[in-house]
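Open the structure in your viewer and keep the selection tool at hand. This tour goes from one stop to the next and says what to select at each.

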Amino acid sequence: MSDRQQVSIYSGEEEVLSAVVELRAAGFRILEVFAPYAVHGLERAAGLRRSRIGLITVTAATIGSLAFYFFQDWVAAISWPVNIGGKPYSSAPAWIPVVFETGVLAAGLATVLALFVRSRLYPGKRARLIDPRVTDDRFAVVLEIPDSGFDVERAREICARHGAESVEETAVPESGKKPRKPHVSSLEVWR
Amino acid sequence: MDRAAWPLREPLIAGDKTPGQVTIDVSRPLEGKATPLWWAAFLVSLVTLGVGIAAVTYQIRVGIGTWGLNRTIGWSFDITNFVFWVGIGHAGTLISAILFLLRQKWRTSVNRAAEAMTLFAVMCAGIFPIIHMGRPWLAFWVLPYPNFRGPLWVNFRSPLLWDVFAISTYFIISAIFWYVGLIPDLATLRDRFKTGVQQRLYSFFSLGWNGSLSVWNRYETVYLILAAALATPLVLSVHSIVSFDFATSVVPGWHTTVFPPYFVAGAIFSGMSMVVTLMIIARKTMRLEDYLTHRHFDIMTKLILATSWMVAIAYATEFFIALYSGNEYERFAFLNRAMGPMAWSYWIMVSCNILVPQIFWFRRFRRTLPVVFVATIFINIGMWFERFVIITTSLHRDFLPSSWASYAPTKIELATFAGSFGLFFTCFLLFCRFLPVIAMAEIKGVLGSHLRPQTVPIVDEVALEATAARSATAELEEVAIPGPGAVSLDLSPEETST
């Protein structure tokens, strides 16, 4: 993992998208892209895989629903059976609305929690911004500058051709978490 | 092809906004001092809320004998208000979740405010059943928690308990959805405001968001899951479950299987009207004309018209089934609704919910905002009366003529209802003052949706035809401000000739 990076700033989504596509095709390694809003297709262009948070949603929904199914059964048939209108103690159809609601509730809470934990978002966290304008209207592409074999001119040329407003080489800021597996998650330096 | 048709479409956002301009426009009302208009509205809301608080305090001290209920009519004003407010909330989720699924890009101008409306409306709704419990300080008994009374559990077979789960889940999920949507915008505000308490709060709640793509990637997935997998079925379930409160009973007029879809359609109908009412006010007072264009109101009023017909079909179905069932109690209940002592409320409902929306067949009315404003207020009145009709007129003539009774709300009930409006508008005005009413990060994403230069083929016969059509229609009617789309298209004939 090198301690140098190249940062190029763009003002439009088309520019950043085409720059990312070409930079990757030319063999440069993109550490991170910063965007003020979600640009359709930019994630795939930068080589990010689809998030698997959906698995957490499904798991939480299943747990939430099943737990409340059995809880209702236990309450109505075992803990304190009450005869209500002669209905069976274990009235499965009547459990369904609550089973559905608790499934949705568990899934929603777990999904958002997973987003926060996985992205290390927490209240009061100090934002590490590459440029104060990336939450307004600018896009930033961060390239890794490896210890050898980085063609600065080529990279600058590609960025400029796609409309980069500025390109500069800087040091990777300190205090970023050391990535555990550099070959997969060097993106984490920017979290 | 949709893309070929784009020059004919008005741009979603008027005035050729750039993303930076969006930030400036949306943040403007949050910076500096509040306008006198805001203060006036806020004070009126606050006073109304105060009246409500006084009324609630009084009725909790004295008991719900202060209401106009009697032994025959055990539910009336309170449950009407409850269903009314829950229904209002549904449009927020419709706009934020269902229209997101349907890829309706115009929703981006309205979704933030509509979701806020959902939250505040559900808060207002919750007040009424909680007071109706009689001992609201024991309201937590509705939750199934281990206790020293046996443990004595709640009755999971009761639709009223399903309601507890449905409404609380709905509130929590709506709040989460709203907050998750707010995070990128809070980050924008955090970086825009340099100092002050407001900046520190934005900073605290923006969770250190820095716009990194790996987070956006996950964020988008989560947003889709919340919208598609959770909020969409949830919103349909909530009002279905609210309707079970009635449908599972044996009261003629309540005991019908049409209730769940009927209630959901009605909820969206009333909620959409409330959204339109609020958005017209917000547009005017906060100078959001470029973001809430006539096109938005055009689409929303069409939705109102469509749901008005769904509600109309439900009314007709109820009457038909009452006749067709051959059940004399059922038949009596419906004849009594239309011609009995409370027929006036039935006809208010029909005229507000079915007749008034018919003006939206006309494009001119859909785009004349004063007309739309008045019409949506009538619809809200109509939808309130729908719930009143369902609840009160079904109860006041029950199976035993000796117990027939009538109902009129007391001053306390009226004050409580007014107070719920006070609460709603106080919350909404505070929201307008301190949070971005328009989802900036989403708007920025659709700014160029009518123009994507590298995806629009420059030489394209269909597009050329469209250009011709566009110049023809431009003379006929007021088509939009020519955006960058028009400029690039005008070039295309030259490009083909060279």
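Start by selecting B:Leu207. This residue is buried, because 22 other C-beta atoms lie within 10 Å and the cut-off for buried is 20 or more. B:Leu207 sits in the loop between helix 6 and helix 7 of chain B. Look also at its backbone: phi of B:Leu207 is near 55°, a positive value in a residue other than glycine. Keep in mind that the model is predicted, here and at every later stop.

**Stop two: chain B as a whole**

Now select chain B. Chain B has 498 residues, and 48% of them count as buried. Consider next the contacts in chain B between residues at least 6 apart in sequence: 84% of these join residues at least 24 apart.

Colour chain B by domain. Domain 1 of chain B takes in 1-13 + 448-491, while domain 2 covers 18-446. Where these two domains meet, four residues of domain 1 of chain B are in contact with eight residues of domain 2 of chain B. On the domain 1 side of that contact there are two nonpolar residues, one polar and one charged.

**Stop three: helix 5 of chain B**

Select helix 5 of chain B, residues 159-192. Helix 5 has 34 residues, and the distance from its first C-alpha to its last is 48 Å, close to the 50 Å expected at 1.5 Å a residue. Follow the helix to B:Ile183, where helix 5 bends by about 40°. A proline, B:Pro184, follows within four residues of that point. Is helix 5 mostly covered or mostly uncovered? Helix 5 of chain B is mostly covered, with 24 of its 34 residues buried.

Stay on this helix and pick B:Thr169, which lies in helix 5 of chain B. Which residues is B:Thr169 in contact with, leaving aside its neighbours within four places in sequence? They are A:Glu101, A:Val104, A:Leu105 and B:Leu234. Draw a distance between the C-alpha atoms of B:Thr169 and B:Leu234: they are separated by 8.5 Å, although the two residues are 65 apart along the chain.

**Stop four: where the chains touch**

Show both chains together. The contact between them takes 55 residues from chain B and 59 residues from chain A. On the side of chain B, the elements that give two or more residues are helix 1 (19-27), helix 5 (159-192), helix 6 (196-205), helix 7 (213-247) and helix 15 (440-446). Which helix gives the most to this side? Helix 7 of chain B does, with 17 residues. By class, the side of chain B that touches chain A has 31 nonpolar, 18 polar and six charged residues.

**Stop five: the largest nonpolar core**

The largest nonpolar core has 188 residues. Select A:Val20, A:Val33, B:Met117 and B:Val275, which touch the most other members of this core. Helix 7 of chain B supplies the largest share of the core, 20 residues.

Zoom in on B:Val275. Not counting residues up to four places away in sequence, B:Val275 touches B:Ala91, B:Ile95, B:Val110, B:Ala114, B:Met117 and B:Met300.

**Stop six: chain A**

Hide chain B and select chain A. The secondary structure of chain A comes to six helices and four strands. Read along the sequence, these follow the pattern β-α-β-α-α-α-β-α-β-α. Of the 191 residues in chain A, 43% are buried. Among contacts in chain A between residues at least 6 apart in sequence, 77% join residues at least 24 apart.

Domain 1 of chain A is 4-49 + 126-190, and domain 2 is 53-118. The centres of the two domains, taken over C-alpha atoms, are separated by 44 Å.

**Last stop: A:Arg120**

Finish at A:Arg120, in the loop between helix 4 (92-118) and strand 3 (139-145) of chain A. Phi of A:Arg120 is positive, about 50°, although A:Arg120 is not a glycine. Is A:Arg120 buried or partly exposed? A:Arg120 is partly exposed, because 13 other C-beta atoms lie within 10 Å.

Notes. Residues numbered from 1 in each chain as written. Chains lettered and ligands numbered in written order. Predicted model: local features only at pLDDT ≥ 70, side-chain atom pairs only at ≥ 80, totals over all residues. Buried ≥ 20, exposed ≤ 12 C-beta atoms within 10 Å, placed from the backbone. Contact = placed C-beta atoms within 7 Å. Nonpolar A, V, L, I, M, F, W, Y, C, P; charged D, E, K, R; others polar. Domains from an automatic or database assignment. Expected span 1.5 Å × (residues − 1). Bend = angle between axes of the 7 residues up to and from the residue. Core = buried A, V, L, I, M, F, W, Y, C linked by C-beta atoms within 7 Å.
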